Structures are given as C-alpha cells and as structure tokens.
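Morning, everyone. I'll take a few minutes to walk through one model, starting with the terms and then the side chains.

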Amino acid sequence: VWAVDIRPSRNGIAPGRALWEVGGWWGSPQGAREGDRLEVWMALVDAYERMHYPIDPPDPIDAVRFRLEQQGVDQRALIGVIGNRTRVYEVMRGDRGLSLAMIRRLHKRFGIPAEVLIRPIARRRRHAA
C-alpha cells in the first residue's frame with residue numbers, strides 16, 4: 001500500500017503542482033503504482049478543468065462544417081442528407097433550422113453527435129449592402 005499526499009485545495013488546484021505531478025508520472029505503465037498515481041492526478045485535473053473552464057458544445061452548423069472539412073468534402077455532400085441544394089444553402093447560411101429528420105440523417109451519415117445537432121442554430125448576421 002502506498003500513501004498519496006493529496007489534500008483539498010481551498011484556493012483551487014495549483015497548476016504548477018498538477019503539471020509537475022502529471023509530468024513526473026507521464027508514460028508510467030498502466031496498473032503499476034506510478035500509472036495509478038498518474039491516473040488519479042489526471043482525473044483531478046480533468047474535474048478541475050470541467051468545473052472552472054467548461055467548453056460549450058459547438059453551434060450545429062459549425063459542427064457540420066467541421067465534419068465536412070475533416071472528411072475533405074464540401075457542402076454538396078449534404079445534398080440528400082439535409083435536402084436539395086437550396087435547402088442545404090438555407091440551413092448552412094443559418095436561415096433555416098435543422099429538422100428532426102435532418103438531424104437523424106446527419107448523425108447517421110456523418111457521425112455528428114445528436115446532442116450537438118439539436119442545439120439552437122446561431123443566426124448569421126447579414127452584411128449591410
């Protein structure tokens with residue numbers, strides 16, 4: 001049995017200490033004492049970051065654009081998934097929201113998490129002419 005010197009911090013986690021701990025145990029074999037210590041510190045850092053620096057899910061249209069870019073395709077790949085060419089343009093411009101059927105097809109075809117796609121779409125600002 002090994003002792004771990006971990007105490008709650010009243011002022012938040014000390015980033016230097018956390019980095020030192022994680023860096024010191026990085027690459028340790030899983031299941032070994034050192035690997036267990038790394039796993040504990042990684043869990044603490046992850047919990048701290050989730051609590052103090054939460055990351056909001058992306059806008060659905062940004063998520064679709066990102067996935068298209070990852071796959072090396074353009075918006076034409078959405079024809080038939082979202083609808084016809086005009087419908088794709090309206091959705092990608094932010095003028096039309098995603099329907100439940102569109103969300104299902106985007107999730108199935110591109111693997112975009114449904115919880116991202118069901119979020120409200122941020123309306124795009126139109127530039128003054």
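First, a definition. Buried means under 20% relative accessible area, exposed means over 50%, and partly exposed is in between, using a 1.4 Å probe and protein chains only.

Now the ground rules. This is a predicted model, where local features need pLDDT of at least 70, side-chain atom pairs count only at pLDDT 80 or more, and totals for chains, interfaces and linings use all residues. Residues are numbered from 1 along each chain as its sequence is written, and side-chain values use heavy atoms, with hydrogens and water left out.

Let's start with helix α2. Helices are DSSP runs of H or I with at least four residues, strands are runs of E with at least two, and both are numbered from the N terminus. Helix α2 covers residues 33-52, which is 20 residues. From first C-alpha to last, α2 reaches 29 Å, close to the 28 Å expected at 1.5 Å a residue. That expected span is 1.5 Å times one less than the number of residues.

Which residues of α2 are buried? They are G35, R37, L38 and W41. Seen down the axis of α2, these buried residues fall within an arc of 155°, so they line one face of the helix. The arc is taken over the directions from the helix axis to the C-beta atoms. On the other side of α2, R33, R50 and M51 are exposed.

S28 sits in the loop between α1 (15-25) and α2. It is buried, at 18% relative accessible area. Contact here means heavy atoms within 4.5 Å. Setting aside neighbours within four places in sequence, S28 is in contact with E34 and G35. And G35 is one of the buried residues of α2.

Next, charges. Side chains of opposite charge can pair when their charged atoms come close. I count a salt bridge when a side-chain nitrogen of Lys or Arg is within 4 Å of a carboxyl oxygen of Asp or Glu. The whole structure has six salt bridges. I'll take three of them.

One is in α2. D46 bridges to R50, with the closest N and O atoms 2.9 Å apart. The two are four residues apart, about one turn of the helix. D46 is partly exposed at 34%, while R50 is exposed at 60%.

Another is in α3, residues 60-71. D62 and R65 meet at 3.7 Å, N to O. They are three residues apart. D62 is partly exposed at 38%, and R65 is partly exposed at 32%.

Then α4, residues 85-93. R87 bridges to E90 at 3.4 Å between the closest N and O atoms. R87 is partly exposed, at 31%. R87, E90 and R96 are linked in a network of salt bridges.

Last, the rings. Rings of Phe, Tyr and Trp (its six-membered ring) pair if their centres lie within 6.5 Å; planes under 30 degrees apart are stacked, over 60 edge-to-face, and the rest tilted. How many aromatic pairs does that rule give? One. Y48 and Y53 are edge-to-face, 6.3 Å centre to centre, with 65° between the planes. Y48 is partly exposed at 22%, whereas Y53 is exposed at 55%.

Thanks. I'll take questions.
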